[in-house]
Amino acid sequence: MDISVVIPLYNEDESIPELYAWIARVMKEHHFTYEVIFINDGSTDRSWEIISELHKQQPEVVKGIKFRRNYGKSPALYCGFEQAQGDVVITMDADLQDSPDEIPDLYRMIKEEGYDLVSGYKQKRYDPISKTIPTKLFNATARKISGIKNLHDFNCGLKAYRKAVVKNIEVYGEMHRYIPYLAKNAGFDKIGEKVVQHQARKYGSSKFMGLNRFVNGYLDLLTLWFLSTFGKKPMHVFGFLGTIMFFIGFVAAFWIGADKLWCLAHHIPQRLVTDSPYFYIALTMMMIGTQLFLTGFLGDLISRSSSGRNDYQIEETI
């Protein structure tokens, strides 16, 4: 199979038929063998009914996954990637703002130019300024931290992947924004970008507006940076910091004790050690240092394992 198109969606019943017809037309024109996987992320409208009808019409092409409740875009992509069988996997949003006409060029860049991942770049956007300005700041930070300098839009839903990429990365939480970073950390470092057409939303309103998505985005980026840098060796950071703090606290406490003994030996009046604020500062540093060291030790034991991280309740699969 040439292409798998993975489409996460939430309450997009108006756009699904038009989007599928558009995809089918592009695939037919270019003679691609393909499948379309819709992941219904807990929609409360008629989205699943429409997907089921499309499946009845094209059972070999249209596939669907229905979540019992709304989990988010990352879980939807994770489950879609698990089911994808195409040599090239294309992801796009269901709101008709991503153009299926971009699929042939994305496929060519993967198959002929040898990219592992190609990310869309919506150079001209039709989003409100309240969304575009934070997005620019967010992408600048992501480029700096990830080291992927050639990407301008990490969060673009329109992307193309070599099949091996989606089968070897784990998308969880809200990490869909950083799939290029995840791919790079997995060893797929040939990452490209393509300017793609961005269309104004035709139906409804965006489901991903609000300040919290940008705050959470930065927190997820810091998490991913830490995990990629120290995820397999947490003792290196926590143990180092803990050792430094314990050593400083120990030296300070030793100096306070030695000073007290020296004064006693020379019969020099000296206040009690416990009357000195430096004694408590030294003691606190030793305690914090010990806790940081133990945190690193426990982190090494846990080593970022969580059996239920990607356990989602799927009500139905077609």
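Predicted model: local features only at pLDDT ≥ 70, side-chain atom pairs only at ≥ 80, totals over all residues.
A residue counts as buried when its relative accessible area is under 20%, and as exposed when that area is over 50%; values in between are partly exposed.

In total, 11 salt bridges were found. One of them joins the side chains of E35 and K63, with an N to O distance of 2.5 Å. E35 belongs to strand β2 (residues 34–40) and K63 to strand β3 (residues 62–67), so the bridge ties together parts that are 28 residues apart in sequence. The two partners fall into separate accessibility classes. E35 has a relative accessible area of 0% and is buried. K63, at 25%, is partly exposed.

A further salt bridge connects K194 with E102. Their closest N and O atoms lie 2.6 Å apart. K194 is buried at 13% relative accessibility. E102 is buried as well, at 10%. Both values fall under 20%, so each side of this bridge meets the cut-off for burial.

E113 and R108 also meet through their side chains in a salt bridge, at 2.5 Å from N to O. Here E113 is partly exposed, with a relative accessible area of 33%. R108 is likewise partly exposed, at 30%.

Key: Residues numbered from 1 in each chain as written. Heavy atoms only, no water. Salt bridge = Lys/Arg side-chain N within 4 Å of Asp/Glu carboxyl O. Helix = DSSP H or I, 4+ residues; strand = E, 2+ residues; numbered from the N terminus. Buried < 20%, exposed > 50% of the residue type's maximum accessible area, 1.4 Å probe, protein only.
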